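Have the structure open as you read.

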Amino acid sequence: MRILMIGSGYVGLVSGVCFADFGHDVVCMDKDAAKIEALRAGRMPIYEPGLDALVETNVKAGRLSFTTELVESVAEADVVFIAVGTPSRRGDGHADLSYVYAAAREIAAAVKGFTVVVTKSTVPVGTGDEVERIIRETNPEADVAVVSNPEFLREGAAIEDFKRPDRIVVGLHDARAKEVMTEVYRPLYLNQAPMLFTSRRTSELIKYAANAFLALKITYINEIADLCEQVGANVQEVARGIGLDGRIGSKFLHAGPGYGGSCFPKDTLALVKTAQDHDSPIRLIETTVSINEQRKEAMARKVVRALQGDVRGKRIAILGLTFKPNTDDMRDSPAISIIRSLQDHGAQIAAYDPEGMENARKVMDNVLYAEGPYEAAEGAEAVVIVTEWNQFRALDLARLKGLMGHPVLVDLRNIYRAEEVTRHGFVYESVGRPQ
Ligand code: UDX
């Protein structure tokens, strides 16, 4: 299959490279010439474990190339994936579809022969219909089938998720397109990954319903964690106790500072808006969104409390800035709100993140960016673990304490055991666990 990816951001790039690895001929296209130039030179625009090696192998094998040129690439493709960004529109939370529609117009003008146009970007229900309308209006001769094929990739584990998916969801209304999509995913089909064919609208909704459910699940365990703190219970044991029930499942029950990232915050908001627009509000998700927002402030207050209610002029070390480990993505990271709130309380922030500091600098300039966790902790009154990077899991606690002005460790990801930390003379706070 000759595949064109329009948009070489996170989703487009990972999907394109993995399709090439399946043996398809893939062209990844992006309007950003600097990004394409970097990719051609083997430099990745994002941090994703294993991505650079996979790009190199597939470029060498002649199955993967990068371009800024769209017209010819569309004409040559059997399948064109739209994998452009759908950011939250400023002001109303709706997904901004202007890049998707622009891509549809360009595809329509350039398409030759039967071509399957697949929306991989996360798009609200009904977007596929609009993409089809735009293509037919722009070029009534175009022989296309418009398909929805949402992605479920987790940053940091995206390649693994792509190659071993729980399921592949494909929404379509065209038998020829079904054949093509089956061929595109054939290597996974042979691995018995369930492939769910459904209507286009259903497929679009599955993506939002899945992400909103996971956001809800996290928010639920976060609220249970708050209750645990009040009643002296342990949220990790509660999570294990409920997660062993097959109907609940043990994943996504880690209490923490609230969910962030490029998907959950944006997708929950978009689902809320779609539901409201259709007079079918999903109040559970409306509430999830507001609880998660408030939670970040609450985490900052937790740090302030750990320092006896006063952080004015005090140095606080933040370990971990990205919204989760193994990514350099700062989008909607809880660290941003926590840091801003602590600064509002008068604290001075020193921070360290293994991969996220370059992106963090773009959103927060009044932070002292340290060389490592120990450098960040120098003279600090508290160390706060916001992201559970592996390298923070086995800190030399004696060394850490020696560097600090005051030994307080606030562990917002529950990666330490209280006995171990307090044995080193720290005041230790975590999330939803007895002191
Ligand atoms: C998510 C979905 O998992 C993926 O299927 C979708 O396609 C894109 O969005 P991602 O945003 O990369 O992936 O990360 P994920 O691992 O899902 O974590 C999202 C956020 O939830 C992070 O901030 C993480 O720290 C938080 N989280 C996750 C928890 O607080 N507790 C958990 O148990 C799991």
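Rings of Phe, Tyr and Trp (its six-membered ring) pair if their centres lie within 6.5 Å; planes under 30 degrees apart count as stacked, over 60 as edge-to-face and the rest as tilted. With that in hand, Phe19, Phe22, Phe81, Phe162 and Tyr185 form one aromatic cluster. This is a predicted model, where local features need pLDDT of at least 70, side-chain atom pairs count only at pLDDT 80 or more, and totals for chains, interfaces and linings use all residues. Residues are numbered from 1 along each chain as its sequence is written, and side-chain values use heavy atoms, with hydrogens and water left out.

**Aromatic pairs**

- Nine aromatic pairs turn up in a search of the whole structure.
- Phe22 and Phe162 make a tilted pair, because their ring centres are 5.8 Å apart and their planes meet at 40°.
- This pair links distant parts of the chain, 140 residues apart.
- Phe22 is buried (under 20% relative accessible area; exposed is over 50%, partly exposed in between; 1.4 Å probe, protein chains only), with a value of 19%.
- Phe162 is buried too, at 6% relative accessibility.
- Phe252 and Phe264 pair edge-to-face, 6.2 Å centre to centre with 65° between the planes.
- Phe252 is partly exposed at 28% relative accessibility, whereas Phe264 is buried at 13%.

**Charges over rings**

- A charge sits over a ring if NZ of Lys or CZ of Arg is within 6 Å of the ring centre and within 35 degrees of the ring normal.
- The charged end of Lys178 sits over the ring of Phe197, 4.8 Å from its centre.
- Over the ring of Tyr374 sits the charged end of Arg399, 3.8 Å from the ring centre.

Technical notes
Helices (H or I, at least four residues) and strands (E, at least two) are DSSP runs, numbered from the N terminus.
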